[in-house]
Amino acid sequence: MRNEKGFILPSVSMLAFFILLILLHQTAVFTAEKKFYSERERSMILENLLLCGVQHSMQSIADQEGVNHYEIKTDDGSITYTAAEKGEGELLVSLAAKLNTGHFSSAKYTYNLNSGEMTDWTVY
């Protein structure tokens, strides 16, 4: 037992260290991917709520209901829109979508009453 070089313990320790580094890296990648998909799901739901608000507001304007403030409740959240005259023959419609989790998105567009089309769209 006198002339043992002792290379087994350091090599096994280095191998365990590299396996641990790979495992930690894969855990970090998995966590980042899960966060990305949850954020993307939230943004898609907000976009769909805004789209629903646009469709509902354009329908109420086309039907000439005269409603300038409206709120829609859904299972995922709520949509609020307000229509105000911008100029001659134009309406400025402001939309706000809020999820039940508290996340928020808003947009606005200009609606041309003469042509019945949306002329400007801004998300902020």
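Predicted model: local features only at pLDDT ≥ 70, side-chain atom pairs only at ≥ 80, totals over all residues.
Tutor: Let's start with a definition: a helix here is a DSSP run of type H or I with at least four residues, and helices are numbered from the N terminus.

Student: Thanks! Is Phe18 buried, partly exposed or exposed?

Tutor: The idea is to look at relative accessible area: under 20% is buried, over 50% is exposed, and partly exposed lies in between. Phe18 has a value of 46%, so this residue is partly exposed.

Student: Which residues does Val93 touch?

Tutor: For a contact, look for heavy atoms within 4.5 Å. Leaving out residues up to four places away in sequence, Val93 touches Ser57, Ile61, Tyr81, Thr82, Ala83, Ala107, Lys108 and Tyr109.

Student: Let me try another one. Where is Ser106, and what does Ser106 touch?

Tutor: Ser106 is in strand S4. Setting aside residues up to four places away in sequence, Ser106 touches Leu95, Ala96, Val123 and Tyr124. The relative accessible area of Ser106 is 8%, so this serine is buried.

Student: And what about Leu92?

Tutor: Leu92 lies in strand S3, and with a relative accessible area of 28% this residue is partly exposed. Beyond four places away in sequence, Leu92 has contacts with Thr82, Ala83, Ala84, Lys86, Lys108, Tyr109 and Thr110.

Student: Which residues does Met58 touch?

Tutor: Met58 belongs to helix H1 and touches Tyr109, Tyr111, Gly116 and Met118, again not counting residues up to four places away in sequence. Met58 has 22% relative accessibility, so it counts as partly exposed.

Student: How do I compare separation in sequence with separation in space?

Tutor: Met58 and Tyr81 are 23 residues apart in sequence and 11 Å apart in space, C-alpha to C-alpha. For Leu92 and Glu71 the values are 21 residues and 17 Å, C-alpha to C-alpha. Gln26, another residue of helix H1, is 57 residues from Ala83 in sequence and 50 Å from Ala83 in space, C-alpha to C-alpha.

Student: Next, charges. What can side chains of opposite charge do when their charged atoms come close?

Tutor: Such side chains can pair. To call the pair a salt bridge here, look for a side-chain nitrogen of Lys or Arg within 4 Å of a carboxyl oxygen of Asp or Glu.

Student: How many salt bridges does the whole structure have?

Tutor: The search finds three. Glu39 meets Arg42 with N to O at 3.0 Å. Those two are three residues apart in helix H1, so about one helical turn separates them. Glu39 is partly exposed at 35% relative accessibility, and Arg42 is partly exposed at 24%.

Student: Which pairs make the other salt bridges?

Tutor: Glu47 pairs with Arg40, and their closest N and O atoms are 3.9 Å apart. Glu71 pairs with Lys73 at 3.3 Å, N to O. Here Lys73 is exposed, with a relative accessible area of 64%, whereas Glu71 is partly exposed at 43%.

Student: Last one: how many aromatic pairs are there?

Tutor: Rings of Phe, Tyr and Trp pair if their centres lie within 6.5 Å, and the count comes to four pairs. Take Phe36 and Tyr37, which are both exposed.

Student: Why is the pair of Phe36 and Tyr37 called edge-to-face?

Tutor: Planes over 60 degrees apart count as edge-to-face. The ring centres of Phe36 and Tyr37 are 5.3 Å apart and their planes stand at 65 degrees, so the pair gets that name.

Methods:
Residues numbered from 1 in each chain as written. Heavy atoms only, no water. Buried < 20%, exposed > 50% of the residue type's maximum accessible area, 1.4 Å probe, protein only. Phe/Tyr/Trp six-rings, centres within 6.5 Å; stacked < 30°, edge-to-face > 60°.
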